[in-house]
Amino acid sequence: MVTRVFFACLLLSLYSAASSLSCRWLDHKFTQYSENYLELLDTMANNSTNNTEDAEVQVTFPHDLYTQASKASAGERLVFIVQVLKDLAKLFKKDHSSASWDNKTVDNFVNVVTVQAHGLRPCIGSHSHKRKSDDLTKYFHTLSEHVKQMHHSAEVWELIRRETKIHLFRADQLASSLLSSN
């Protein structure tokens, strides 16, 4: 009987240790990578000669989706953050040759965002069965279509860069709320 209790305690402690390790990225790396991709976005803006005075994004920023995500469980928030990061990386893989950005900077940005998304995957753990947000998927599809409609122009890419910065700030806020709730 004592042996069973011992093994039960041992298994429980191993499970607890493994689950705390699964969010190690969020605790130790998230802020570093977040600062890195925001810095790369700023570098892209500094290297930009794009004029966006006459252009505007015809797609409304999904503030309501972030509000819903902020009220969701920790696992659902992580699923949402990973989806945002993956969709942003996918968007920046499109033809941005009209933008006056250095290709290496854009590639580094996409790589850092992708690594961040992959780093957060283990934090999702048992919540990996949570569905992606269909509304967020539609939003990014519409944004991508807007880029096509504006013929991948420098102006639309500068608007996308600005919109991306807002997404990353909001995703960082969601992640910060997870850190403060641990």
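Reader: Hi! How many salt bridges does the count come to here?

Author: The count comes to 4 salt bridges, where a salt bridge is a side-chain nitrogen of Lys or Arg within 4 Å of a carboxyl oxygen of Asp or Glu. Keep in mind that this is a predicted model: local features need pLDDT of at least 70, side-chain atom pairs count only at pLDDT 80 or more, and totals for chains, interfaces and linings use all residues. Residues are numbered from 1 along each chain as its sequence is written, and side-chain values use heavy atoms, with hydrogens and water left out.

Reader: Thanks! Which residues are linked in a network of salt bridges?

Author: That network links E158, R161 and R162. R161 pairs with E158, their closest N and O atoms being 2.7 Å apart, and E158 also meets R162 at 3.6 Å, N to O.

Reader: Where do R161 and E158 lie?

Author: Both are in helix α8, 3 residues apart, about one turn of the helix. E158 and R162 are 4 residues apart in α8, again about one turn. Helices here are DSSP runs of H or I with at least four residues, strands are runs of E with at least two, and numbering starts from the N terminus.

Reader: Is R161 buried or exposed?

Author: R161 is buried, with a relative accessible area of 8%. Buried means under 20% relative accessible area, exposed means over 50%, and partly exposed is in between, using a 1.4 Å probe and protein chains only. E158 is buried too, at 4%, whereas R162 is partly exposed at 42%.

Reader: Moving on, which side chain meets K148 in a salt bridge?

Author: That would be E145, at 3.4 Å, N to O. K148 and E145 are 3 residues apart in helix α7, so about one helical turn separates them. K148 is partly exposed at 43%, and E145 is partly exposed at 27%.

Reader: New topic: how many helices and strands does the chain have?

Author: The secondary structure comes to 8 helices and 0 strands. Along the sequence the pattern reads α-α-α-α-α-α-α-α.

Reader: And what share of the 182 residues counts as buried?

Author: It is 43% of the 182 residues of the chain.

Reader: Which residues touch the most other members of the largest nonpolar core?

Author: In that core of 49 residues, they are L26, Y37, F92, F109, L120 and W157. A nonpolar core is a set of buried Ala, Val, Leu, Ile, Met, Phe, Trp, Tyr and Cys residues joined through side-chain atoms within 4.5 Å.

Reader: Which element gives the most to this core?

Author: Helix α5 does, with 11 residues.

Reader: Last one: which residues form the positive surface patch?

Author: K86, K90, R121 and K132 form that patch. Patches take residues with over 30% relative accessible area and no salt bridge, joining like charges within 9 Å and nonpolar side chains (Val, Leu, Ile, Met, Phe, Trp, Tyr) within 5 Å. Lys and Arg count as positive and Asp and Glu as negative, while His and the chain ends are not counted. K86 lies in helix α5, residues 74-92, and is partly exposed at 39%.

Technical notes: Accessible areas come from the Shrake-Rupley method with a 1.4 Å probe; for residues, only the protein chains shown count as cover. The place of a charge is taken as NZ of Lys, CZ of Arg, CG of Asp or CD of Glu.
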